[in-house]
Amino acid sequence: MGNRPINDKDPDFSDDSASSGGDEAEWLDVESEEDEPLAVISLLDDSVFPDVMSMLKYCKENHGFDFLAVRQRLGLDFHGTVKLVNFIRQQIHDGCPLPETITAETIKDDRYLKPVVDDDALILSLDELDIDALDNEAASSAAENISSQDLVALNSRLEEELAAVKSQFANYRLAVEQTLERRWGDDKDVESSTKDESQYYWESYGANDIHETMLKDTVRTDAYRDFIYENKALFKDKVVLDIGCGTGILSMFCARAGAKAVFAVDKAEVVEKARANIFTNGLSDTITCIKGRIEDIELPVPQVDIIVSEWMGYCLLYEAMLPSVLYARDRYLKPDGLLVPSFATIWVAPVSDPEYMTDHVSFWDDVYGFDMKAMKTGIYEEARVEDLPPSTICGQPSQISHLDLHSVKPEQLNFRSDWKSDVNQSVESIDGFLIWFDIFFTTSRQETVPPRTGVDPSSPAGRIPSAVAFTTGPRGPVTHWKQGLLLVDRTKGIFTAEPGTGISGEVVFQAPEDNPRALGISMSWVTKDSEPRSQTWKLR
């Protein structure tokens, strides 16, 4: 599933929105929409009307469909009415005729609470309709033989429903407003009180941009494709589980490679698009999409032969998706089953990049003649996601983690490790530490990737010929993960070391308790000529 972009890679971020007038223009657009005339789309075709009543009358006279009569017959409350609207719109969108009789059972699925049309004027205008009068009109035209006593009872019930509808609509409108606030970034208070970080994580994968970014990362996508297509014998007639399926690309690779059945699981809304992609490509007989967390659902099979997943985040473990893969491994994977990929390693190396420091740190010392050092507050506390040139690495890389995904335990993903490096070039200062990871695909549990120390994985000596693999390190092609950059805090002194100087210390990866999808990285280091130093960075 990859990783959610952060900072300037956030799904809602664009170069235009970062310009000086972007935010203001967007807010002006939102405010101006309030003054625009209502555009109500017909329930049954593409016609547009200035108000809801005109639209409902059109549907009744031109299509013979009396929306209000159906609503009255079913005795729908506000949420039931919303479901009815979205059911009709979904049927028309899918090119399916409406059933001869719509029943309560027809619209019972809660998925019809989700709007089919963004900002549906019909739904948003329910509180402005004279529902009491409309329903009475519908009742009189549809039930002429109802007794006066029954009509009194009906009116009484409708009055109660109207009061309930207005209350429910107030809640619905509040939810819409909160959604818009989140969309425009003014949701810190709302979000903290209404959802946890995991919910935001799933929602972040609903946008197309992040999936486009991952699919266009050819290092990533080609590695999965090449391993699957080059090892079709492994997938032939096998049952495969794809965790965090996203657009469904890995599931479709597996199906095309000959898998007997593929279960594509994702909690994010993108799974609905995956289902459409799979149908469009004629693979629905092989691939079954399931919406939900792998921990919360029950697969229709007791075991699978292969688990495939693209779970990696920045610095490998950001986003904490790997524990879900390990849960599925222990719950569903056959004893001799295969995890794709099978191994992962994490590396760290010291870096020196005076140009980067000038552009991103010293920059604030003089901005058009103004001292803006206040903007440097916290600048050394956040891990950065950057693609640095290989020339910035000024010491031997050190492998700090080696994960055999067939055997690693979830509790081992929070780890501490010793590391060391020898400075191998003359530099003005050591500006920080760079973290990257490698991924390996093996064809069986017997094919292993041994731990390596002192060997750059992207160099010829570091390659493993028998394995499909890729690196996110600076000597490989750039990926959307780039590398994690940990800047050394200069307020505590410049860190220098001569060529040949050995640096050693400890690194700790730990997800914070209040946000398990984030990542904290702590490092300590010392040379023979320096005092011990330590620092912590956050990736969130």
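Colleague: How far apart are the end C-alpha atoms of helix H5, and what span should its 16 residues give?

Modeller: Happy to start there! This is a predicted model. In it, helix H5 covers residues 78–93, and its end C-alpha atoms are 23 Å apart. At 1.5 Å a residue, its 16 residues should span 22 Å, so the two values agree.

Colleague: Nice. Is H5 enclosed by the rest of the structure or open, and why?

Modeller: H5 is largely enclosed by the rest of the structure, because 12 of its 16 residues are buried. Among them are Phe78, Val82, Leu84, Phe87 and Ile88. Lys83, Arg89 and Gln91 of H5 are buried as well.

Colleague: What caps the N-terminal end of H5?

Modeller: Asp77 does that. One of its side-chain oxygens lies 3.3 Å from the backbone nitrogen of His79.

Colleague: And which residue follows H5?

Modeller: Gly95 follows H5, and its phi is positive, near 75°.

Colleague: Let's look at helix H4 too. How many of its residues are buried?

Modeller: Six of the eight residues in H4 (residues 67–74) are buried, so H4 is also largely enclosed by the rest of the structure. Those buried residues are Phe67, Leu68, Ala69, Val70, Arg71 and Gln72.

Colleague: What happens at the start of H4?

Modeller: There, a side-chain oxygen of Asp66 reaches to within 3.3 Å of the backbone nitrogen of Leu68. After the helix comes Gly75, with a positive phi near 60°.

Colleague: Changing topic: how many helices and strands does the protein have?

Modeller: It has 17 helices and 17 strands. Of its 540 residues, 48% are buried. Among contacts with a separation of 6 or more, 73% are between residues 24 or more positions apart.

Colleague: Sheets next, please. What is the strand order in the open sheet of five strands?

Modeller: The order is S5-S4-S3-S6-S7, and the pairing is parallel. Strand S5 (287–291) and strand S7 (333–340) stand at the edges with a single partner strand each, so one side of each has no neighbour in the sheet. From one strand to the next, the twist averages 20°.

Colleague: How many bridges join S3 to S4?

Modeller: Five bridges join strand S3 (residues 239–243) to strand S4 (residues 261–266), and the two run parallel. If you want a spot to look at, find Asp242, which stands opposite Ala264 in S4.

Colleague: Which strands does helix H14 touch?

Modeller: Helix H14 (residues 249–256) packs on this sheet and touches S3, S4, S5 and S6. The direction of H14 makes about 175° with that of S4. Helix H16 (residues 322–332) packs on the sheet too, touching S3, S6 and S7, and its direction makes about 150° with that of S7.

Colleague: Which residues of H16 are buried?

Modeller: They are Leu322, Ser324, Val325, Leu326, Ala328, Arg329 and Tyr332. These buried residues pack against S3, S6, S7 and strand S10 (398–404).

Colleague: What about the open sheet of four strands: what order and pairing does it have?

Modeller: That sheet runs S11-S15-S16-S17, with antiparallel pairing. Its edge strands are S11 (415–422) and S17 (533–539), each pairing on one side only. The twist averages 20° from one strand to the next.

Colleague: How many bridges do S16 and S17 have?

Modeller: Strand S16 (residues 519–526) pairs with S17 over seven bridges, in the antiparallel sense. For example, Lys538 in S17 is the bridge partner of Gly520.

Colleague: I also spotted Thr472. Is it buried or exposed?

Modeller: Thr472 is buried, with a relative accessible area of 1%. You'll find it in the loop between strand S13 (468–471) and strand S14 (483–487). Leaving out residues up to four places away in sequence, Thr472 touches Trp436, Phe437, Asp438, Thr479, Trp481, Lys482 and Gln483.

Methods
Residues are numbered from 1 along each chain as its sequence is written. This is a predicted model: local features need pLDDT of at least 70, side-chain atom pairs count only at pLDDT 80 or more; totals for chains, interfaces and linings use all residues. Side-chain values use heavy atoms; hydrogens and water are left out. Two strands pair if DSSP finds at least two bridges between them. Axes are lines fitted to C-alpha atoms, for helices over the stretch in contact, and angles run from 0 to 180 degrees between N-to-C directions. Buried means under 20% relative accessible area, exposed over 50%, partly exposed in between (1.4 Å probe, protein chains only). Contact means heavy atoms within 4.5 Å. The expected span of a helix is 1.5 Å times one less than its number of residues. A polar contact is a pair of N or O atoms within 3.5 Å; within protein, one must be able to donate a hydrogen and the other to accept it, and residues adjacent in sequence count only if both atoms are side-chain atoms.
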